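Let's take a walk through this one, starting inside a chain and then stepping out to where two chains meet. Have the sequence and the model open as you read.

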2 protein chains.
Amino acid sequence: MTSASWVPVPEGSPFTPHTLPYGVFAPEDGAPRVGVAIGDHVLDLARALGDDDTFARPSLNTFLAQGRSRWQEVRARVTELLTDSAHRAAVEPALHRADRVGLLMPFEPADYVDFYASEHHAANIGRMLRPGQEPLTPQWKHLPIGYHGRSGTLVVSGTDVVRPWGQTRPAEGGAPPFGPSARLDIEAEVGFVVGTPSARGTRVGVGDFADHVFGVCLVNDWSARDLQAWEYVPLGPFLAKSFATSVSPWIVPLDALEAARTAPPERTEELRPYLRDGEDWGLDLALEVRLNGEVVSRPSFTSMYWTPAQMLAHLTVNGASLRTGDFYASGTVSGPDAHERGCLMELTWNGQEPVTLSDGSTRTFLQDGDEVVISATAPGPDGSRIGFGEVRGRIVAGGDGS
Amino acid sequence: MTSASWVPVPEGSPFTPHTLPYGVFAPEDGAPRVGVAIGDHVLDLARALGDDDTFARPSLNTFLAQGRSRWQEVRARVTELLTDSAHRAAVEPALHRADRVGLLMPFEPADYVDFYASEHHAANIGRMLRPGQEPLTPQWKHLPIGYHGRSGTLVVSGTDVVRPWGQTRPAEGGAPPFGPSARLDIEAEVGFVVGTPSARGTRVGVGDFADHVFGVCLVNDWSARDLQAWEYVPLGPFLAKSFATSVSPWIVPLDALEAARTAPPERTEELRPYLRDGEDWGLDLALEVRLNGEVVSRPSFTSMYWTPAQMLAHLTVNGASLRTGDFYASGTVSGPDAHERGCLMELTWNGQEPVTLSDGSTRTFLQDGDEVVISATAPGPDGSRIGFGEVRGRIVAGGDGS
């Protein structure tokens, strides 16, 4: 792959010829269709490749279902079209300026699973909620804990998030208060989009990850901590998470992440064979969380205890099938240092240590009007950086509860 | 509605002219399409109503999305066609013998939520797992506890269920064992199919239940208790439930259940306004659970603490949207008496009191080859009974774990 495109790629753009992420865009003059981002432009794939059946569609799912060798073939062809200037005259009419198109939810989600794969996040939450006890639950280092979320409320970056209302824990003997969540939080996560399905009653091995997962995006799994504390024992979080989960519009294919692959942290418990790391599928992604424009955290994905390959192997070890469009997220990405924590609950230590913004205001949890942007970059070939773009969301007040 | 059809309805058939449930069938000579069950026959709706766009489809979703007034209009028309013998000559060619067609998954599931709405079930589980403590968690009588399940592994009645493998709790200090679940259980439940969607950021009121929910079916939410015990703290059940959930092929419309409506049990805690019962949406359904042909339980839905209208109001109170095809289940239906318990964990008191079958064999949990059938009836008009048919599933051994 050459590193130069005949399409101008501005300095610092996340979308170099090494990234080539896939999304769904709405052109000014037509129906939504699949595109690839390059610099400040979006390539109309149906037009560039002459394949309307796959790409003149409002979701990536048809392409996702075509499998890994096809994903690689299309990536190779798009790379050629965008880097060999012999193609310029033919391809240029298929380019749209990114600021003139809308970006839509890139795939039709099937099931959504959220994991809990950061040891630092899980341990911090344990320390806050169960002080004096072991911070991690006994199974934590034996399997990647996960649970199903609501796929119907996955929304694309830029969608406003309505503050949820709900019940919270009452004072001793009282009735549970009902109202807007007062502890609305972010969770900076990384998401994985499944392309190739699997049959019920079979497993996807830890080594088969790249045959099933197409690509990676950014996730903000908005969480209402006060609703969660009242509802979650014994069956887990429900309304605290189900109101909205935001995803970034560009899916970075696994093939763009070869240089980002890294060994996961050393394991302190021997793993069952189905979870043993073969190839390294730790990922050296550097995340950044901005609140109203100010960086409040820089979580590193490198310290995640469980890899996405292990998450997928665990998800299917009981014979659960995969569908095209299945989506799973890592859980909050928190590193070992305080400035690497991926949610406000950790950053403010359960609301006790507010974050101060440059206008002098403070935050424990999110206020109406607050906007959160999560972005990330990763090592690319030859010392370059590739980018994931961003997932953005703003909090708006909900109804009055009547 | 008259009570007689010109189609012969055998004595004891669940599918009288008062039931008229909807499903998807595969005729011997064509593609899957929507049908209505009557006695031992299935009516091809596309052919009978001349509406291929809605009914010549492999799922109910298009019809579900058309909304309540359309559901009522079609039910009235089908009732007329099947009870007025003037239509016999025209309609008879659209009838298939039920034993000559295959029954498929009746709807394309969007999100799947499982509740925990039986006080007797929740209290029994509490007594077994937390002896000496309050059997119900503090929020139990303030809100219907629920969690998201895996919609991709909802399967239609008759589909074999592969015994899941997984990790279980280790002996003190040891490694977690890995193998086939040794505590595979049933959960006899009732499911609710959503037709009319709702917008994100809005709520569906407890009084709007019948505008959104199309109908009711039977559910067996197979559960691996040993996997669940090891994995479920703090984020809830995951692999213990995600391998398969069986549903009955016939969806009984709410309009068939007017005579089954009943008041829910008296509330001992004052409910928040969004959960206050308006119309009575308790349902007087009599379930029966058979294991290898022998009745092992007769759970009554009448004693369920939370109504399906309350479940829906709670599910959406945080602004979570509904999609056509959303599905939610009641959780295990257990009545106050020992013979009304809806799962083996309760029936055998956590495996301590095996069930004895007439061949002298005993069961604590399910063995390979065991077949479970859950059926139900409800009061119909004029002292009649209407039926739900059944949900059936057989356990088969899983792979060797390699």
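In chain A, 18 residues of domain 1 are in contact (heavy atoms within 4.5 Å) with 18 residues of domain 2. Domain 1 of chain A runs over 22-104 and domain 2 over 112-396, with bounds from an automatic or database domain assignment. Between them they bury about 1,500 Å², 68% of it from carbon and sulfur atoms; buried area is the accessible area (1.4 Å probe) that two parts lose on being put together, summed over both. A:Y22, A:L64 and A:W71 supply 37% of what domain 1 of chain A buries here, more than any other three residues.

This is a predicted model: local features need pLDDT of at least 70, side-chain atom pairs count only at pLDDT 80 or more, and totals for chains, interfaces and linings use all residues. Residues are numbered from 1 along each chain as its sequence is written, chains are lettered from A in the order in which they are written, and side-chain values use heavy atoms, leaving out hydrogens and water.

The two domains of chain A also share one salt bridge (a Lys or Arg side-chain nitrogen within 4 Å of an Asp or Glu carboxyl oxygen). A:R68 pairs with A:D211 in a salt bridge, with the closest N and O atoms 3.2 Å apart.

Now for the chain-to-chain contact: 60 residues come from chain B and 60 from chain A. Together the chains bury about 5,600 Å², 57% of it on carbon and sulfur atoms. Two salt bridges cross this interface; B:D326 and A:R150 meet in a salt bridge at 2.8 Å, N to O.
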